[in-house]
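Take a look at the model below. This report covers a sheet and a pair of helices.

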Amino acid sequence: MKSLLAIDPGSSSGAIAYRSALGTVGVLNMPDSMEGIWNLLRMDPAETDWTGSIGCGVVVEDVGGSMPGNAAKSARTFAAHVGALHMALIAADHWSYTQLVRPQVWMKDLFGTLLPKAPKGADAATKAAVKKERKAYIYAQTQVWMPTLKFTLRQADAVAMLWWLMKKEEGQL
């Protein structure tokens, strides 16, 4: 079995879900500093059962750039955090591949058309309400798939991406 890592980037809301080569599954909040990211991803595979080993894979949610309405400082902080994440994955040099995946791709593969979606031209309040509903749906469904794993709403996207990656690796998607 190969180790897998699914990363929902972000310093204040991101998470990392993993499956070790031994089959252990877990989830962590994303470190909130560049040093924290490096310390987490540089670990020698021999030191822990969840970090990279030969033949392991990483998927990182490709959330793109700034969204309209986001403060410039927030967008800059997020971009720096994602850049540090990518550099740490490269520098750690024990991950066999890193794949970027758009949220629309893994969500469509896992949920099809079942996820709540805001209508075109919806106002900000409607979009925020639909996003909250979508997050709750992903959390509930992921709990069904991984009933023994304890995780929070904040961590649900990373856990769902891990499920997506596991299914891709097994040839089921």
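## The sheet

Two strands pair if DSSP finds at least two bridges between them. The model shown here is predicted.

Look now at strand 3 and its pairing with strand 2. Strand 2 covers residues 15-19. The two strands pair in the antiparallel sense, over 5 bridges. Take Ala17 as an example: its bridge partner in strand 3 is Val27.

## Two packed helices

Two packed helices are described by the angle between their axes and the distance between the axes. Helix 3 spans residues 103-111, and helix 4 spans residues 124-145. They pack at an angle of about 55 degrees, and their axes are 12 Å apart. That angle makes helix 3 oblique to helix 4. The crossing of the two helices is left-handed.

## The helix contact

Which residues make the contact? Helix 3 supplies Trp106, Met107, Leu110 and Phe111. Helix 4 supplies Arg134, Tyr137, Ile138, Gln141 and Trp145. By type, the residues of this contact divide into 7 nonpolar, 1 polar and 1 charged.

Key:
Residues are numbered from 1 along each chain as its sequence is written. This is a predicted model: local features need pLDDT of at least 70, side-chain atom pairs count only at pLDDT 80 or more; totals for chains, interfaces and linings use all residues. Side-chain values use heavy atoms; hydrogens and water are left out. Axes are lines fitted to C-alpha atoms, for helices over the stretch in contact, and angles run from 0 to 180 degrees between N-to-C directions. Helices (H or I, at least four residues) and strands (E, at least two) are DSSP runs, numbered from the N terminus. Angles under 35 degrees count as roughly parallel, over 145 as roughly antiparallel, 65 to 115 as roughly perpendicular and the rest as oblique. A crossing is left-handed if the near helix is turned anticlockwise from the far one by less than a right angle, and right-handed if clockwise. Contact means heavy atoms within 4.5 Å. Ala, Val, Leu, Ile, Met, Phe, Trp, Tyr, Cys and Pro count as nonpolar, Asp, Glu, Lys and Arg as charged, and the others, Gly among them, as polar.
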